[in-house]
Amino acid sequence: MTKVEGTQKMLMYCYFLNLLDLVSQNIEVALNRKNSMQAVIKIIEDNIPELVCLNLSNNRLYKLDDLADVVNKVPNLKILNLSHNELKTERELDKLKGLKLAELSLERNPLCDHFKDQADYIRSVFTSSSDGHDLPPPIGFDLEVAPPGLPSCKPSYFCSEELKILISCFLQQYYTIYDSADRQPLLNAYHDGATFSLIIPFSIQNPSNLGEYQKDSRNIKRVKDSTTRFRLLKHTRLNVVAFLNELPKTHHDIASFNVDVNTYTNTLLSFTVSGVFKEVDGKSRDSCRAFSRVFIAVSAGNGTLCIVNDEMFIRNATTEEIRRAFVAPAPTPSSSPVPTLSAPQQEMLSAFSQKSGMNLEWSQKCLQDNDWDFDRAAQIFTDLKVQGTIPEVAFIK
C-alpha cells in the first residue's frame, strides 16, 4: 500500500466515524447523493466486508443505481432495510440482483401502494430482487376463519357486592327524585362545591335535534373559548340543582342501566351509568334519548354518597336502544317521590336483597309493605315464593 492509498483509507475511515458522530447529533447525511453512497460502500468494503445487516431507511432514496456496487463488495449481506424511502417502482430492485437476502424491508415506499394484496406484492418484489429462482408456494392454513367482529358488551362492573348495593341504592333513589315533578330534593345528593357539565354531540353533517340542550352543551370540540367553557360549568350544589330543574322532565328506564366503577378508594368513588330515558313533556315529549353520566362522589357518612362532580352526555337513542327500552315491567307509580332511606334502612335493604335474591327495587317494596320489619318481610317473602306468586322480574338484577 502506497502512502497515498494509506492516507485515502484513513480519510475514509475517519469519514465513517464522522458519520456515526453526525447521527448521534441528529445531523442528516444525504445518502441519495452519489458521492455519499459510494463513500459508505467503500468504508464497508475496506473495514467490515463481512457485514450481514445494512439499514438504509429514511434516506430519501429514489433510485438504487449507486447502491448496485454492494452486490459485489458486500457479498455476505443478508438483511437490507430500505423502508421509509422514495422508491417508486419495484424495477429499482433489479439493480440488487445477486444479493442472497433473507430479509428485505420496503415499508413506506411509494412502490408499496401499487399492489392490491400482499401476495402480489411479495411475488413482484421476490421476482425483482432474485436471480429468477421460482417463488416457493405461499404457506396457508385450510381453515374457515369467521370475520372479526366486536366483542359482545358485558354487563355492569361493580368491583364488589358491597359497592353494587351502595351504587344501586343511590341510583334508585336519585332517579326516583330526578323523574319526579320536583328535583329540588336532589340538593341532599350534592356537595356544597359540586360541579356539573352537560355535553351533547355535534356534527355539521348530521345536526342534532337536541335543541333544548344545545345552549348549555359544553362540547369542547365545538366550544373553543375558555371563558364560555367556564361559564357553561355549573358550580355549587344550588346552581347544579337549579339547572337540573330547568331540564326537560323525564322517565328513565332503570332496567336499561349499565354501571361501571372507574375508581374506588377509601375516600372517593367514580362510576359511569348509561341507559335510556323518555321526555315526558314539552315539544319533544316521548322522544327517546340515550345518556351516559359520570359521577364522582365522596362518602357522606352512614353509607351514603355525596356527589362532587357530575358530567352528563345526552344523545338520540339508536333504533335498537329504542326497541329494547321500557320492555321490563315498570314498578307501580307512586303519587310522591320515594323518601331517601336512612342508613339503617339501607343496611336492612342490602341484607334483605342478599338473602332473598330479589333486586333492590322489589326488596325495598317488600320491606316497605311490612313497615321495615325484617322478620315479617322475610316470612311473607318465603310464603309468596312457595306459592310461586313472585314475578321473575323481581329477581332480575
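## Overview

Contact means heavy atoms within 4.5 Å. Among contacts in the protein chain between residues at least 6 apart in sequence, 63% join residues at least 24 apart. This is a predicted model, in which local features need pLDDT of at least 70, side-chain atom pairs count only at pLDDT 80 or more, and totals for chains, interfaces and linings use all residues. Residues are numbered from 1 along each chain as its sequence is written, and side-chain values use heavy atoms, with hydrogens and water left out.

The protein chain holds 12 helices and 10 strands. Helices (H or I, at least four residues) and strands (E, at least two) are DSSP runs, numbered from the N terminus. Of the 397 residues in the protein chain, 35% are buried. Buried means under 20% relative accessible area, exposed means over 50%, and partly exposed lies in between (1.4 Å probe, protein chains only). The protein chain exposes about 24,400 Å². Carbon and sulfur atoms supply 54% of that area. Accessible areas come from the Shrake-Rupley method with a 1.4 Å probe; for residues, only the protein chains shown count as cover.

## A parallel sheet

Strands of a sheet pair through backbone hydrogen bonds, either parallel or antiparallel. Here, 3 strands form an open sheet in the order S1-S2-S3, and the pairing is parallel. Strand S1 (53–55) and strand S3 (103–105) stand at the edges. Each has a single partner strand, so one side of each is left without a neighbour in the sheet. The twist averages 0° from one strand to the next. For this angle, axes are lines fitted to C-alpha atoms, for helices over the stretch in contact, and angles run from 0 to 180 degrees between N-to-C directions.

S1 pairs with strand S2 (residues 79–81) over 3 bridges, in the parallel sense. Two strands pair if DSSP finds at least two bridges between them. Cys53 stands opposite Ile79 in S2.

## Strand S8 and its partners

Strand S8 covers residues 269–279. In S8, 9 of the 11 residues are buried, so the strand is largely enclosed by the rest of the structure. S8 has antiparallel pairings with S6, S7 and S9. Strand S6 (residues 250–252) joins S8 over 3 bridges, and Thr250 stands opposite Glu279 in S8. Strand S7 (residues 258–264) is joined to S8 by 6 bridges. Val261 has Phe271 as its bridge partner in S8. S7 and S8 form a hairpin with 4 residues between them. Between S8 and S9 there are 10 bridges. The bridge partner of Val273 in S9 is Arg293.

Thr272 lies in S8. Its relative accessibility is 18%, so Thr272 counts as buried. A polar contact of 3.0 Å joins the side chains of Thr272 and Asn262. A polar contact is a pair of N or O atoms within 3.5 Å; within protein, one must be able to donate a hydrogen and the other to accept it, and residues adjacent in sequence count only if both atoms are side-chain atoms. Leaving aside neighbours within four places in sequence, Thr272 touches several residues, among them Asn258, Asp260, Ser292 and Val294.

## Helix H8

Helix H8 spans residues 237–246, and its buried residues are Val240, Val241, Phe243 and Leu244. Seen down the axis of H8, these fall within an arc of 155°, so they line one face of the helix. The arc is that of the directions from the helix axis to the C-beta atoms. An α-helix has 3.6 residues a turn, so residues three or four places apart point the same way.

On the other side of H8, Leu238 and Glu246 are exposed. The buried residues of H8 pack against helix H5 (161–178), strand S4 (190–199), strand S5 (234–235) and strand S9 (288–301).

Ala377 sits in helix H12 (residues 374–387). Its relative accessibility is 0%, so Ala377 counts as buried. Leaving aside neighbours within four places in sequence, Ala377 is in contact with Phe352, Cys366, Leu367 and Asn370. The C-alpha atoms of Ala377 and Ser363 are separated by 9.1 Å, with the two residues 14 apart along the chain.

Trp372 is in the loop between helix H11 (360–369) and H12. Trp372 is not a glycine, yet has a positive phi of about 60°. At 17% relative accessibility, Trp372 counts as buried. Phe326 is in the loop between helix H9 (319–324) and helix H10 (343–356). Phe326 also has a positive phi, of about 55°, although it is not a glycine. At 25% relative accessibility, Phe326 counts as partly exposed.
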